[in-house]
Amino acid sequence: MKNASSRRAALKKIAGSAAIVTVGSTLSARVAAAEQAMGTELKGKINHSVCKWCYDKVPLDQFCQEAKKIGIKSIELLGPEDWPTLKKYGLTCALPNGAGKGIEQGFNDPKLHDELVKSYEEVIPKVAAAGYNQIICFSGNRRGMSDEEGMKNCAVGLKRLMPTAEKYKVTLVMELLNSKVNHKDYMCDHTEWGVGLCKMIGSERFKLLYDIYHMQIMEGDVIATIKKYHPYISHYHTGGVPGRNEIDETQELYYPAIMKAIIETGFTGFVAQEFIPKREDKIASLNQGVKICDVA
């Protein structure tokens, strides 16, 4: 289209067709449907990623192709064996995995430190060689341990990895998860605890993954928390509350406002869709989620 007005006029004309709209829909809904049907470039303020596990039945090659069509730049929570496939399609892995012992067994247990340090020291150079700059890690479950003791234990173990992380310019990113619904007893379940650990470690190579879904369940006040603690956050995940469903009007979070707040902090990293699509057309759900988060 030569200009915005002519494009808008064309979209309205297209939106009137029975192939796109249903009876009784509003003009704005018809235009939105037409824009989606024609395909639109993303605005570029948000770097979009997606967590592969939410689409585990879709083969990775096919998923890469679909992600590219949407405008997604990254598919994440994948290990070294999958990185060549991402590269084949010109995609990155904004938050790799491949080290550690999972969510429940983390750095708050000193008995695991030697094993964890060895695991991460083996994988961090591979992350850097692949051109990536982050890797996920976890606190582990409390198992009767106080939050203060757990923070100190995490700091001891993670500090052992900071020289390697700093050498290879790879950031260890600890995920904030809810311990109320999904991950009972998980220690890093409040932003303030995670920030306290960041301060204790004292390295720019240790940051937090602020999972919006999990933190809405645990503490709410999402936008204010992001504004207050954004220097300690290097990655974001989405998800509808309740149920980790699509991030649309069926749930309680308004993602356009959250994304604008993230942009206003100066964030230049990635935001990953991590909801579990309920519709039969799972790629359409993913496309919708990206469009909702793609604010100007």
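**Backbone exceptions, a helix pair and a cavity**

Leu77 is buried, with a relative accessible area of 17%. In this predicted model, the residue sits in the loop that connects β2 (74-76) to α4 (83-88). Although Leu77 is not a glycine, its phi is positive, at about 60°. A positive phi also occurs at Asp185, again a residue other than glycine, with a value near 80°. Asp185 belongs to the loop between β4 (171-175) and α8, and it counts as partly exposed at 32% relative accessibility. Most residues other than glycine have a negative phi, and most peptide bonds are trans. A cis peptide bond is found between Val241 and Pro242, where omega is about 5°. Pro242 is part of the loop between β6 (233-237) and α11 (255-264).

Helix α8 (residues 191-201) and helix α10 (residues 222-229) have axes that come within 12 Å and cross at roughly 10°. Angles under 35 degrees count as roughly parallel, and α8 and α10 are therefore roughly parallel to each other. On the α8 side, the contact is made by Thr191, Glu192 and Val195, which meet Thr225, Lys228 and Tyr229 of α10. By class, this contact of α8 with α10 comprises two nonpolar, two polar and two charged residues.

A search of the whole structure returned one cavity of 30 Å³ or more. The largest cavity holds about 50 Å³ of space. Its lining includes Ala99, Gly100, Lys101 and Gly102, together with Gln105, Gly106 and Phe107. Leu116, Tyr120 and Phe138 also line the largest cavity. By class, the lining of the largest cavity consists of five nonpolar residues, four polar residues and one charged residue.

Note on methods
Residues are numbered from 1 along each chain as its sequence is written. This is a predicted model: local features need pLDDT of at least 70, side-chain atom pairs count only at pLDDT 80 or more; totals for chains, interfaces and linings use all residues. Side-chain values use heavy atoms; hydrogens and water are left out. Axes are lines fitted to C-alpha atoms, for helices over the stretch in contact, and angles run from 0 to 180 degrees between N-to-C directions. Helices (H or I, at least four residues) and strands (E, at least two) are DSSP runs, numbered from the N terminus. Angles under 35 degrees count as roughly parallel, over 145 as roughly antiparallel, 65 to 115 as roughly perpendicular and the rest as oblique. Contact means heavy atoms within 4.5 Å. Ala, Val, Leu, Ile, Met, Phe, Trp, Tyr, Cys and Pro count as nonpolar, Asp, Glu, Lys and Arg as charged, and the others, Gly among them, as polar. On a 1 Å grid over the protein atoms alone, a cavity is a set of points where a 1.4 Å probe fits but cannot get out, and a pocket is an open set with protein on both sides within 12 Å along at least five of seven lines; lining residues have an atom within 4 Å of a point. Grid points are joined across faces, edges and corners, and a volume is the space filled by probe spheres set on the points. Buried means under 20% relative accessible area, exposed over 50%, partly exposed in between (1.4 Å probe, protein chains only).
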